[in-house]
Every structure is written in C-alpha cells, then in structure tokens.
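Here is a short briefing for a first look at a structure. Keep the sequence and the 3D view side by side while you read.

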Amino acid sequence: MVKERGEKVVATNRRARHDYAIEKTYEAGLVLTGTEVKSLRQGRANLTDGYAYIDGGEAFLDAVHIPEYSQGHWTNHATKRTRKLLLHKEEIIKLSHAVSAGGYTLVPLKLYFSDGRAKVEIAIAKGKREFEKRQTIREREDKREAERAMRTRNRLGE
C-alpha cells in the first residue's frame with residue numbers, strides 16, 4: 001500500500017480568524033475511531049462551534065462535528081463527541097498556563113491529514129471586540145484598494 005504524502009485539508013475555521021486574535025498555533029494529533037477517519041477522508045467536518053480545553057493534564061477537543069460515515073452501520077460514532085488531543089506534556093503545560101492566565105481560549109483552526117495521519121491545528125487566541133473586527137476589515141480593504149491603485153498606476157506608466 002502506498003503511503004500518503006503531503007497535507008490534505010479537510011476543514012478550516014475561517015470564522016475563528018475573524019472573531020479571535022491568534023497568538024500562537026500548535027499542531028496536535030487526534031484520537032479517532034475508524035468511522036470518524038473514513039468520514040474525514042470523505043472531506044466532511046465542521047469546526048465552527050469547536051473548542052479545546054485542558055483537563056487533568058490532558059487536552060481535549062469538543063463540539064467539532066464529524067458526521068456519521070455513510071456506509072457505517074451500528075458501529076458508527078457520535079457526531080459531536082469529545083476527542084482527545086495528542087500533544088507533548090510541555091505543550092499542554094504551556095497551553096494550560098496561557099488559558100489560566102485569563103482572556104485566552106483554545107480554538108481549532110484547521111483539520112487536516114498530514115502524511116496520512118489526522119491532525120488539528122489549535123491556537124491560543126484572544127477574543128476580539130466589535131470595533132477591533134471592524135478595524136481589521138477596514139485595514140484589509142484599505143490594503144486591497146492601495147494594491148489596486150498601484151496596479152493601475154503601473155499599467156498606465158508602461
């Protein structure tokens with residue numbers, strides 16, 4: 001059997017980058033059942049409501065929706081169950097200190113396969129207020145407008 005190479009993205013949480021200021025990201029493995037893996041390989045998952053937490057020195061991912069495998073039967077998995085994250089002990093300690101310091105939360109950004117293994121990218125994030133969201137959108141639009149103006153100026157100059 002040929003081993004998978006590279007990275008295949010299954011789901012991204014685009015809303016997280018809008019609602020949170022991302023401080024640092026970590027890659028974590030996932031403990032999954034067989035039908036969950038098969039469902040993910042079909043490209044089906046939803047990270048929008050998901051969050052991660054630390055409990056008893058272990059990291060968990062909760063409220064991530066992985067739909068039931070279509071060809072599964074009575075061995076199918078629960079769609080929104082709590083899944084264990086595989087991280088090094090030092091990383092778990094860093095994450096727990098950041099969350100316990102206050103104002104920070106653990107948010108899943110991306111669910112993907114890396115060399116055939118299911119991974120999730122989690123981030124230490126701080127929630128944005130409404131005016132910060134508007135400011136980010138305004139900065140992005142101003143940058144686009146400036147790039148557009150530079151392109152038209154360069155075309156006219158040629």
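The points below go from the strands to the cores, then to a helix, the rings and a few single residues.

This is a predicted model, in which local features need pLDDT of at least 70, side-chain atom pairs count only at pLDDT 80 or more, and totals for chains, interfaces and linings use all residues. Residues are numbered from 1 along each chain as its sequence is written, and side-chain values use heavy atoms, with hydrogens and water left out. Helices (H or I, at least four residues) and strands (E, at least two) are DSSP runs, numbered from the N terminus.

**Strand β6 and its partners**

- Of the 11 residues of β6, 9 are buried, so the strand is largely enclosed by the rest of the structure. Buried means under 20% relative accessible area, exposed over 50%, and partly exposed in between, with a 1.4 Å probe and protein chains only.
- β6 pairs with β1 in the antiparallel sense, over 5 bridges. Two strands pair if DSSP finds at least two bridges between them.
- In β6, Leu111 stands opposite Ala11.
- β6 also pairs with β7 (residues 117-127), again antiparallel, over 10 bridges.
- Here Phe113 stands opposite Ala118 in β7.
- β6 and β7 form a hairpin with 2 residues between them.
- Asp115 lies in the loop between these strands. Asp115 has a positive phi of about 55° although it is not a glycine. At 38% relative accessibility, Asp115 counts as partly exposed.

**Nonpolar cores**

- In soluble globular proteins, nonpolar side chains tend to be buried together.
- A nonpolar core is a set of buried Ala, Val, Leu, Ile, Met, Phe, Trp, Tyr and Cys residues joined through side-chain atoms within 4.5 Å.
- The largest such core has 25 residues, and Leu85 and Val120 have the most contacts inside it.
- The elements that give two or more residues to this core are β1, β2 (20-30), β4 (58-62), α3 (89-101), β6 and β7. β7 gives the most, with 4 residues.
- Leaving aside neighbours within four places in sequence, Val120 is in contact with residues including Tyr26, Leu30, Leu61, Leu85 and Leu111. Contact means heavy atoms within 4.5 Å.
- A second, separate core has 5 residues, among them Val107, Leu109, Ala123 and Ala125.

**Helix α2**

- In α2 (residues 34-41), the buried residues are Thr35, Glu36, Ser39 and Leu40. Seen down the axis of α2, they fall within an arc of 140°, so they line one face of the helix. The arc is that of the directions from the helix axis to the C-beta atoms.
- These buried residues pack against β1 (7-12), β5 (83-86) and β6 (104-114).
- Glu36 has 0% relative accessibility. Not counting residues up to four places away in sequence, Glu36 touches Val31, Ile66, His77, Ala78, Arg81 and Arg83.
- Glu36 and Gly72 are 36 residues apart in sequence and 9.9 Å apart in space, C-alpha to C-alpha.
- Just after α2, Gly43 takes a positive phi of about 80°.

**Aromatic rings and charges**

- The structure holds 2 aromatic pairs. In one of them, the rings of Tyr51 and Tyr53 have their centres 6.1 Å apart and their planes at 35°, so the pair is tilted.
- Rings of Phe, Tyr and Trp (its six-membered ring) pair if their centres lie within 6.5 Å; planes under 30 degrees apart count as stacked, over 60 as edge-to-face and the rest as tilted.
- Ring pairs link Tyr51, Tyr53 and Phe60 into a cluster.
- Tyr51 is partly exposed at 37% relative accessibility, and Tyr53 is partly exposed at 28%.
- The charged end of Arg41 sits over the ring of Phe113, 4.3 Å from its centre. That of Lys110 sits over the ring of Tyr112, 4.9 Å from its centre.
- A charge sits over a ring if NZ of Lys or CZ of Arg is within 6 Å of the ring centre and within 35 degrees of the ring normal.

**Two buried loop residues**

- Asn13 is found in the loop between β1 and α1 (14-19). At 6% relative accessibility, Asn13 counts as buried.
- Ala63 is in the loop between β4 and β5. Ala63 has a positive phi of about 65° although it is not a glycine. At 16% relative accessibility, Ala63 is buried too.
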